[in-house]
Amino acid sequence: MADRIYPGADERSLEGGWTLLLTESGRYSHPSEIDGHAARLSAPVPGTVAQALAAAGLFDPSAPQPLHGKDAWYFRSLAGEAPGPAILRFEGLATIAEIFVNGVQAFTSESMFEAHDLPIEITGSDELAICFRALQPHLDKRGPRARWRPQMMDHQGLRLIRTTLLGHMPGWCPSIHPIGPWRPVKLIRPADITLSDLRLTADLDENGSGILDVSYTSDDLGADARIACGGHEAPLRRDADGIWRGRLDIPGIAAWWPRTHGKPNLHDAEIVSGPLRLSIGPVGFRRITVERGADGHDFALRVNGEPVFCRGAVWTSADIVSLPGTAERYAPWLAKAAEANMNMIRIGGTMAYETADFFRLCDRLGLMVWQDFMFANYDYPVGDPAFAAHVEREAREFLASVQGTPSLAVLCGGSEIYQQAAMMGLPAGTWKGPLTEEILPRVSATLRPDVPYVANSPCGGAMPFSPNAGVTHYYGVGAYCRPLEDARRANVRFAAECLAFAHVPQQETLDRHLPVAPVHYPRWKARVPRDRGASWDFEDIRDHYLRELYGQDPARLRRENPAFYLALSRAVTAEIVTETFAEWRRPGSSCNGALVWTFQDLLPGPGWGIVDSTGEPKPVWHALKRAFRPVNVVFTDEGTNGLDVHVLNEGSRPLTASLSVSCLRDGRQQVVAGGRNLTLPARGAVSIPCTDLFGAFFDTTYAFRFGPPSHDVTVARLVDETSGNLLAEAFHFPLGRAAAWHEAQISADLVDEDEDWLLELRTDRLAQSVHVAVEGYRADDDWFHLAPGHVKRVRLLPRAATTRDQKPTGSVTQLGTPATLHF
């Protein structure tokens, strides 16, 4: 285990100089057997075999060849390194890896999720070799009998090996097998000080004081060692067991908040001894608790005593080929999560652990992380002492790497283990076991006592997958084709994943990366996610709701008007998430949080991701950005109870705003209107029947049907009274969206303001799902409804290669009419 810290050490990553030789399984048992003239590829480290092959033009990620039947040999010379003692640190080897130094096998790594320190004596002419043995023979080995066999993975033997399921889930992700030194290989020359078993916990008490607990083992620091943070210090003292311990209380510390509810404050923390100042931060102080509600079935997070509606998405990977772990690779993705008003990212048990850099970025961005341990669906053999030891080492090493990070908000024993067994008719005593009920909660409580632990996702109801208790994976709206009203009927408490659809990317992405006929072309269909063995895929699900929401026949549209079909496909999932989150965020909802499946695609195409694999937000991302606003206005159709408008203020300050609601005939003629000036407290919300604003009865939802309908759209606007800025809008379609299609006349003016380009849009009547496409720029809002009588300002964000003097040119389109406005 790599559990030691070497302050002042000469530490560098061995990135360059690696070569790769791919051979048949078992062809060579020792590096001395390999012909020195055998053709080798240059290989990136950290990196993967697939990455090296792709760089050489020998691997196509869109049509991957199997790699788990090959041995992969990595070589690097240490010639020229200064002689002397050193540490070789292997931070992650995927997966069965034999390490040779100067032709002698030093050790074997059996887990992708464990790091290793190898003490060596550098001579100046050393040779390093790593053989990643073919995984297939290990997959074929027999292990303890499994009580259930999940079908979503391509091999049952994966339950016996500690490796990621990425690359092994046909229909979910491309079959790119993760092989190689996927995390850095480092050469460390220690200085005079060594720390081991560093433990760090940052917490916040109910009085607002920060509490920093630190412990470590070391014979090298002086007796004057102390903790320093936030302008305060406390001594560290050595106990009888030889462990140094200290506790620092910091009154009135600026707390860490998720970005939707406050500022994510961070503080530098240090161990100080004489002239030495060892950074162990930054850290954040926050208090996270779980409330179960009056009936004991809730799952609601409170942060620093305040209820937080958690929203975001499930992370897949920054790059399925290379599995990167640096801040530079994470930053563009996490910045888009923050921009979309998310406050939580979930790393599911089917993925891979991300590095400390991921969490440090989430710390700064105010993004909470729901972290599954990497276990999913299988009946894992924890009765095997060797396997159980790997589980414990893996969990300890991961948690040790993210100590003090305030973004880590929930720890979970894995994904769909309980659900898988329960759906096969097995009793709870079968699927609840030591892995999720004993080993992982024990390690979690030891290393991150400040983080709530959940045994499995989903769990908590009469069945693990019952949405009305605990944590659920909710696909009533979505895969199960339930009506949108099911989002309320299901009484969802917390959806750790939900709302999976084959989201269509922007046309520019398709033109560049998938220029084929939608649906009918095999390359298109290969990018559509599906559950293995199912007779339907997630494009079928999207088409179901296209018909439900717009009354159009998707099969006919695909044949006769494919451009309109794609436009409707983009719009429909945006509308679904808008309505569903309006339901879940309204005051009185049973729901305390929901995370969309998934955050990013792994290949360009109509995948689950709300951001495509190139990093471009899809239309649904823009809808979620609006639905996730901390200050928001939303509608819910209450049938014969009328239309309710809900105003939400999650901020830390009171809100003074003007609310207006207008019902429009033909998308432009005001039939009835009303409004109210509101003052909402911090973290406040209010629900108002629209008839209260109108001052009299009006059939806003067209539920009573007394005569012909009088309007086709209702618009709510929330305006800040101080600045006059529009805070949020909401739209309701009592007759359905297709009945409110109009050939609106949109005008666009380009404005140069403070070195930013803005597009000012006006319309004479309602325009639905307006799309702004600009060469060299990205609109900060897109696929939005445009109401008459007001100016909509869209900021145009320059892309990386765009210079300031490049005046934006582009087009504006709307749903329901082929008319295009060019500017």
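Tutor: Let's begin with a definition: helices (H or I, at least four residues) and strands (E, at least two) are DSSP runs, numbered from the N terminus. On that basis the chain has 16 helices and 45 strands. One caution: this is a predicted model, where local features need pLDDT of at least 70, side-chain atom pairs count only at pLDDT 80 or more, and totals for chains, interfaces and linings use all residues. Residues are numbered from 1 along each chain as its sequence is written, and side-chain values use heavy atoms, with hydrogens and water left out.

Student: How do you know that the radius of gyration agrees with a compact globule?
Tutor: The radius is taken over C-alpha atoms, and the globule rule is 2.2 Å times the number of residues to the power 0.38. For 823 residues a compact globule would come near 28 Å, and the chain has 28 Å, so the two agree. Along its principal axes, the C-alpha trace spans about 90 × 65 × 60 Å.

Student: Why is V443 called buried?
Tutor: Buried means under 20% relative accessible area, exposed over 50%, and partly exposed in between (1.4 Å probe, protein chains only). V443 has 0% relative accessibility, so V443 counts as buried. Across the chain, buried residues make up 59% of the 823.

Student: And why does S215 count as buried?
Tutor: S215 has 15% relative accessibility, so S215 counts as buried too. You'll find S215 in strand β13 (residues 210–217).

Student: What makes E392 a contact of V443?
Tutor: Contact means heavy atoms within 4.5 Å. Leaving out residues up to four places away in sequence, V443 touches E392, A395, R396 and L399. V443 sits in helix α8 (residues 434–447). The C-alpha atoms of V443 and E392 are 7.2 Å apart, with the two residues 51 positions apart along the chain.

Student: Which residues does S215 touch?
Tutor: With residues up to four places away again left out, S215 touches D197, L198, R199, I243, W244 and R245.

Student: How do you know that β7 and β8 pair?
Tutor: Two strands pair if DSSP finds at least two bridges between them. Strand β7 (residues 97–101) and strand β8 (residues 104–109) have five bridges, in the antiparallel sense, so by the definition they pair. I99 stands opposite F107 in β8.

Student: What lies between β7 and β8?
Tutor: Two residues, and the strands form a hairpin; N102 in the turn has a positive phi of about 55°.
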